[in-house]
Structure formats: C-alpha cells, structure tokens
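Colleague: I am new to this one. Could you walk me through how to read it?

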Amino acid sequence: MTDPVLGLTSAEVSERIAAGQVNVAPEASSRSLGSIIRANTFTWFNGLIGTMWVIMLLVAPIQDSLFGFVIVANTAIGVIQEYRASRTLAKLAVLGEAKPVVRRDGIDIEVSAVDIVLDDVIMLSTGDQLVVDGVVLSIDGLEIDESLLTGEADPVDKVVGDEAMSGSFVVAGSGAYQATRIGKDSFAAGLTEQAKQFHLTNSELRDSINRFIRLLSYMLLPVGLLLFVSQVFRAQIPFNDAIRGTIAGIVTMVPEGLVLLTSIAMAIAVIRLAAKKVLVQDMPAVEVLARVDTICVDKTGTLTEPGMRVREVIALDTSAPIDSALSSIAAAEANPNPTLQAIAQQYPIVGWSCMSNVPFSSARKWSSATFADHGAWVIGAPEMLLPDTDPLRARADAIAADGARVLLLARAQGEPSAESGPGSIIPAALVVIDQRLRADAAETVAYFLAQGVHVNVISGDNAATVGAIAREAGVPGADHPYDARELPADIEGMAQVMQTQSVFGRVTPLQKQAMVDALHSRGSTVAMTGDGVNDVLALKNADLGIAMGSGSGATRAVAQLVLLEDRWSVMPSVVAEGRRVLGNIERVSDVFLTKSFYAMIISIMVGIFAVEFPFLPRHLSLIGALTIGIPGFFLALMPNTERFRPGFFRRVVLFSAPAGAIAAAASLLSYTWAIRVGEPVGSAQTAATVTLFIVTTAVLLQSARPLNWIRLGIVALMIVLFLGALFIPWFSHFFALTLAPEKYTVVAISCGLAGAVLVWFAVIITDRWRKAS
C-alpha cells in the first residue's frame, strides 16, 4: 500500500515508467493516420469501384477509367481533411483535458491522465472524474456517483478500502485513492471503447445516406447482370464493349462522392469550430446542432459570469458569532463550491478547529461542520433547511427575487449527517450572494428564440433567483419560475409541466436527467449545457451535451461539445455551422442521388430493350465531375442559414427521383432519336451526353437555390468547361465528343432544353410536397 501522505517517490515513478506500468489506453476521440487511411480507403464502394477500375483498365482506353482516378483523388482529399481535423482536435483536446492531481514525494501535482503510473496516489475533489481503477486510501465525506457504470442513481458513500472505478465521478467531499489497475487493464480502457461512445450521437443525415446506399446496393448486382446479359447475348455487342457499358452503368449508380463530401463538410466544420475554441468530441454533433429545437441551460456559469461575491449578511441572531462561523464553515470544506469560495474570500480564516463535516452536494444543497467548543453549524438553501410555513422563507424569497443567491446560516442542535439530515436548527443569518448576468447572455437567448429554439433554464438554485436572472436574460416565462420540488415524478406529468413552464429552480441532478427524458417523450431534440457535476447525467441523456471548459472533468468527459473559453455567446455561430453542414449536404445529396436514379433507369431500360449503352464511361465521368463533383464540393462549404426540418431522406428522394427520371428519359430519347435519323453510334452518344449535361445542369441550378452570383458563377464555369470538352480538339478527342452542325446536334439540344423545362416544372410540384414534409 502506497503511503497516502507521501505518495510515490520520483525513483519509484521512474521505475514504473521504465517497466511500462503507465496509464496508456485507447483514445476514442483520436485516430492515427493509419486508421484514417484505412477507414477512407477500405470501404465497400472503393472495393467495388476499384475492382471495376482494374477491369476497365484491361478492356478499354485509359479515358474510360477516369472514374478510378476520381476515387483516388476523393480518398486522398478525405484522408487529408480528416487528418487535419484529427490533429486540430488533438491540439484542442489538450486545452480541455481534465488533469488529475497525484501526490509524489509528498507534493500534490497536476499530471495528464496518461502520466499516471501504477500505485500512484490520486487526490479526489468534487467534480473530478476517476481516470483509473483503485482503492480508497482516505476520505473526507467522499461521495462518488457510479451511475454511468452501474445505472444506480444514488451516490455511494466511500470508506477506506473501498474499490473506486474509473468512469465514476465525485459529487461531494474529497479523498485519495491508489491506482491499482491502469491502462488497458483498467475500466478506463472499456470506458474509452464503450462508455465514452455510449452516446453515439444520433445522425439523421448519416442514417439517411446509409439507408439509401443500402437500398441501392441491393440493386447493383441484378441491374449489372441485366445490363451485361442484354449487351452480350441480345444486342450482340463485342465483349469488351459490353463490359465497358456495364461498368459505366454500375459506377454511375454509386453515389461514392456523397459520403466523402459529408465527411469533408463535417471535418471542415470541426476545424472552423476549433478556431472558435469549441472542441467537438463527436463528429456528427455538428449536424445535431442544426436539429436542436430545445436548449436547456444551467443558470450558474452559463447565463451568469463565473465567480460570485457576498453582497450582504443579514443577522438574525445578533448574539451569534456570524463572521467567525462563516469563515470557519467555508474553510472546513476541502473543495468549496463557488458560493463557499465567495464567503471564504470575504471572511478571513478564524481558526476554529473542525472535528467533522458534511460536504456540500447538489442533491442536498447544504453543508455542515462541527467545531470544537463552537458546536455544529449548517449553511445552505433556506427552502431545504426550513419548513414551508417558516416566515423566514418568504423573506429569503423576496431577496432572491432580484437574482441574488440566498443562503441560511444556522446553528445545529445536534450532529448533522448526510443520511439523517441537518436536524433541528437555529437560524443565525441570511447570506446574500451576488451573481452577474453575462454581458452577451440576453443577445444569445434572443438569437435562439428568433431561430425557433425553445430556451429552458434549469438550475439547482432558488426558483425566485433563477427567475430573476432568466428575466434579465429575456427568457420567456421567467416571471413565473417553477419550483422543481413540485414536479411530478412520472415522465408524462413532467412533460406536461414543461410544455407550459420554461424556468425551473431547485432542480436535483436526477430531475435534470428526467426533464431531458420528458422533452424527448414529446419529440424534442434537446441540447443541454452545464459545467457542474450535477449536470453530468442530463448531459449524458441529451441529444447534444455542451460543457463549459472550466467545468468539472466529469462534465467535459460526457459532453459532445466543450466551450473551452466558457463563452456561451459562441453558440449562435456553432448552430450556424451545423445548419451550414446539414443544409448544404441536403443540397448536394439532391444532385448525387439524381445521378443514381438516372443511371439506374438508363441501365434498366438499356437492359430491357437490348441496345448499346448510350454513353462511354468517360462521358459519365465528365458529366459527374462538372454537374456533381466539382460544384458539389463548393456548394457543401458555402454559407447556409436555412433552419433544419426533419424528413431529410423523403425530401431528397422527392427531388432526385423525378429529376433522375427526366434526365434518363431525355438522354435516352436523344440517343434513340439520333440513331433513327441515321447518325452513327458515336454521334448518338455525343447527343445523349449533351442532352444529359443540359438536364443535369438544370438540376444543379434548382438544387443550388437560392441563387447568388457565386453559385451562378460556379454553374457558368462548369458550362464553359463542358464547351471546352466539346470544341477544343485535344479534349474533344480525349472525351470522344464532337458537336457539329448535324441533325444529332439539334436533337441533343432540343431534348436537353425540353428536359430542363420539365425539371423546372417538376421542382415546382415537388417543392410543395417537400415543404409539407
């Protein structure tokens, strides 16, 4: 057993480091370059397209294998962007890292979690998360919440010799424990792999894209077989040409760039947020920012400035040694909360000898200390210490109505304990603590309200105090704050109350968690902000947990976002970043899935009617690059302030299915018409390509709405590049496209323009359905 007073010596630490007995465990929030390369390279689509690329290189000119080079470039871009985001997060995570305090050579020092060695003595205080497993060496009212591990809601009172598990966190008191299992042997390793991923952020965007890809994957094999059989056995097309046409159809059906652009957009959002000192610990959290319709905020540290000060002390018992009692009870707390810190700063230490104490906890909302020759004293919320009928309660509430925090200092008649409570008390003084509203709080609240986001203030403080601060911040309903001690215990009853109330005081940690569940029961997407250990359970249950950088280590560990500079005012720009990603990816999905639909329809029709495939692979690569890939990349990164609406998958399909059908019909009509008027297959393929480009450009314009000069400029540039492929001899030869004053040119442009007009009409109709969804 390590000496809890001295801890390990420097020599003992060095021995353990040399022996490899250090706390090195998997890090869920960080990925190596190798893992990033593997994740972006060895995908199902890359395997499919890579195989077809090899086959195409064997049977066709290099121009028809362009799709393979596009995949290589896409993969490289994806790796580079994700690696940049990973490095940015790694640097930022160092700033937000919770550093345990270890005792070595009799001195307490902060170290990184990875620098803990076997048998280290680790000091614990309120709000600390345990990072390794160990055995308790000393306690001072130590209470540990193990709910993240066991599901047991009540904190556990620890005694010397008890086991302490990583992943739990301290809710009251202080103590020390010895590290007995570290690195991969500790529960921390499992926490990184499981508990830290227990809240894999729900992503409608990711789920919808995966859903479409899954449905599409079922179509690839039968459509490919139909196309190949019809080309070889029915149309009597040479084997190599049949392979070339089949691969062209299958490759175009695959929306391979959509997954990549989604990842890139999110990675760039992570980098942009990092510049604002916002640490994103879960990538899809960027998307959830746009979906949030309810935000629950804690009062202290979120709406109010950090730190507090004593405004006044109102004596109730003039014979009581109030100043001495206040200074001594503040000094008795090993890890004082901000309220006791304010009292300690106001009153110098007198030196009463503390015999025992009950530390403050968010659930009790009071603390006590028993002193030699001075008896036991209690300080805490008046409503937790006095009966409802006590007239002193009304006096305290009247003071709290202007936003101050009011505490009752009282002499205890007996020995207070965490189990039996404070017992009978004699009030001695009311202590009034001032809190200041953040300068930017009202502006931030106004932003959320303007964006249709409901703001709930949920605090453990007095309801009148919470109401006063919320009123100053402009939160609706602040004139009628609700005392959470009157909340129904059942989720349904709680949800009904929350439909009409938005400001709550005297909320316990378990109630915060239940209130998030109640909002979920009514279909809300909930963001929860907090900084204290009492917020951990609610942050865990919220769709998006947001922690303050100065908050407890446990709070930062379970949150998906950490505001490293404690600036809640950064939230509007964070929400805007989420909306940019979600809105733009929906816009890009429109054109990508249009391509999948027209490729599928063309392939099926060619298979049924057994005609030669109307495009060379290089034609579809060119159209895909100019109407989807290149403009899609820019569209995915542009500003977008559209509010999120559920139903992403349905809206995208409503746009892309008719647009894809029109594009397929127009290009097939152009191809068959050109053949019928006597044009050779090469000219007919050019006609189909020109038609398809015109229609898909119309689709791009519709998807890029609302149009501005930048978006119009991008589309115009794509048109210029396509004209270059048609009329610049080298490119014309490379892409096998020749547009001459012949019949097929008139056919191509006529079918293209007709298709573009049909797309315009179809979008007018589907827009009504999309807005209703």
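Colleague: Which residue of strand 19 does T294 stand opposite?

Modeller: Begin with the terms. Strands (E, at least two residues) and helices (H or I, at least four) are DSSP runs, numbered from the N terminus. Two strands pair if DSSP finds at least two bridges between them. Here T294 stands opposite V526 in strand 19. Strand 9 (residues 294-297) and strand 19 (residues 526-530) run parallel and pair over 3 bridges.

Colleague: What should I keep in mind about the model and its numbering?

Modeller: The model is predicted: local features need pLDDT of at least 70, side-chain atom pairs count only at pLDDT 80 or more, and totals for chains, interfaces and linings use all residues. Residues are numbered from 1 along each chain as its sequence is written, and side-chain values use heavy atoms, with hydrogens and water left out.

Colleague: What is the strand order in the open sheet of 8 strands?

Modeller: The order is 8-21-20-19-9-16-18-17, with mixed pairing. Strand 8 (278-280) and strand 17 (482-483) are at the edges. Each has a single partner strand, so one side of each lacks a neighbour in the sheet.

Colleague: Which residues of helix 3 are buried?

Modeller: Buried means under 20% relative accessible area, exposed over 50%, partly exposed in between (1.4 Å probe, protein chains only). In helix 3 the buried residues are F45, N46, I49, M52, W53 and M56. They cover an arc of only 135° around the axis, which puts them on the same side of helix 3. That arc is taken from the directions from the helix axis to the C-beta atoms. W44 and L58 are exposed on the other side of helix 3.

Colleague: How should I read a salt bridge?

Modeller: Side chains of opposite charge can pair when their charged atoms come close. The cut-off is a side-chain nitrogen of Lys or Arg within 4 Å of a carboxyl oxygen of Asp or Glu. The structure holds 26 salt bridges. One of them joins E383 and R506, with the closest N and O atoms 2.3 Å apart. E383 lies in helix 14 and R506 in the loop between strand 18 and helix 19, so the pair ties together parts that are 123 residues apart in sequence.

Colleague: Is E383 buried or exposed?

Modeller: E383 is buried, at 6% relative accessible area. R506 is buried too, at 5%.

Colleague: What about D461 and R405?

Modeller: Their side chains meet in a salt bridge (2.7 Å, N to O). D461 is buried at 4% relative accessible area, and R405 counts as buried at 14%.
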